[in-house]
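Biologist: Could you walk me through this one? I am new to reading structures, so please take it slowly.

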Amino acid sequence: MEQLKDDAKTILIVDDEQAIIDVLKFNLQKEGYKTLEAKDGQTGLDIALKEKPDLIMLDIMLPKLDGLAVCKSVKNACNIPIIILTAKDSEVDKIVGLELGADDYITKPFSVRELVARVKANLRKFNFAVEEVKEDKIEEKEEDKPIEINDKKIKINDLEIDIEKFEVRVRGKIIELTLREYEVLKFLASQPGQVITRELLLEKVWGYEYYGDIRTVDVTVRRIREKIEKDTSAPKILITKRGVGYYISAE
């Protein structure tokens, strides 16, 4: 196995099965990552908050503190990508994990090759969250509420995204979003008025195929709406085109 580089990304593995930890450690280190490990939720949380790893692979069924509680606590404190590992093949567990801010999930038993691919995809999305958006500015439609899109800022009526600072403001108030929520909102806002399908969002924001699991997008959009809309039952910023997808209103 090659010697790890000093700037190698660090991945925290939290699982109560040593065999799983050993397999993940071997394959991740083989790919050039550093690894940390914990066999219970409380230890995993303590390490996550202290060491600030680049990504966390988190089992749900853990002693002392379950994975969902760990996920919630980590996301409340810092923005670290989290991939949930679960032996449960229940849609409820997956959706709850995403509701709590998890960036991805994979069900045991899993393909190591697929898991490593997802690690790379999530790290890539995190590292390159500041992507180039359309440089062509959209003409201002209203003097008091201009629409402006460039590689530093997106401003559409009440919504303003500072790309350099990873900062979102709505009606002048800073909105706290997870990285995934930020990426979805930024991708939609870079094309105001254009309906984006769930499938395209999965491809462009998540970075790989979800094989039809579009509820992942719906969950993320719902979380965004709860943070940016005055009334989620009658959204004015992030709009649904029924049966198709979502768009940011330019009106």
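**Overall make-up**

Modeller: The protein chain has eight helices and 13 strands, where helices (H or I, at least four residues) and strands (E, at least two) are DSSP runs numbered from the N terminus. This is a predicted model, in which local features need pLDDT of at least 70, side-chain atom pairs count only at pLDDT 80 or more, and totals for chains, interfaces and linings use all residues. Residues are numbered from 1 along each chain as its sequence is written, and side-chain values use heavy atoms, with hydrogens and water left out.

Biologist: In what order do the five strands of the open sheet run?

Modeller: The order is 2-1-3-4-5, with parallel pairing, and two strands pair if DSSP finds at least two bridges between them. Strand 2 (34-38) and strand 5 (104-107) stand at the edges with a single partner strand each, so one side of each has no neighbour in the sheet.

Biologist: And which residue is the bridge partner of I13 in strand 3?

Modeller: That partner is M57, and strand 1 (residues 10-14) pairs with strand 3 (residues 55-59) over four bridges in the parallel sense.

Biologist: New topic: is T178 buried or exposed?

Modeller: T178 counts as buried because its relative accessibility is 12%; buried means under 20% relative accessible area, exposed over 50%, and partly exposed in between (1.4 Å probe, protein chains only).

Biologist: What is T178 in contact with, leaving aside its neighbours within four places in sequence?

Modeller: On that basis T178 is in contact with N79, R223 and K227, where contact means heavy atoms within 4.5 Å.
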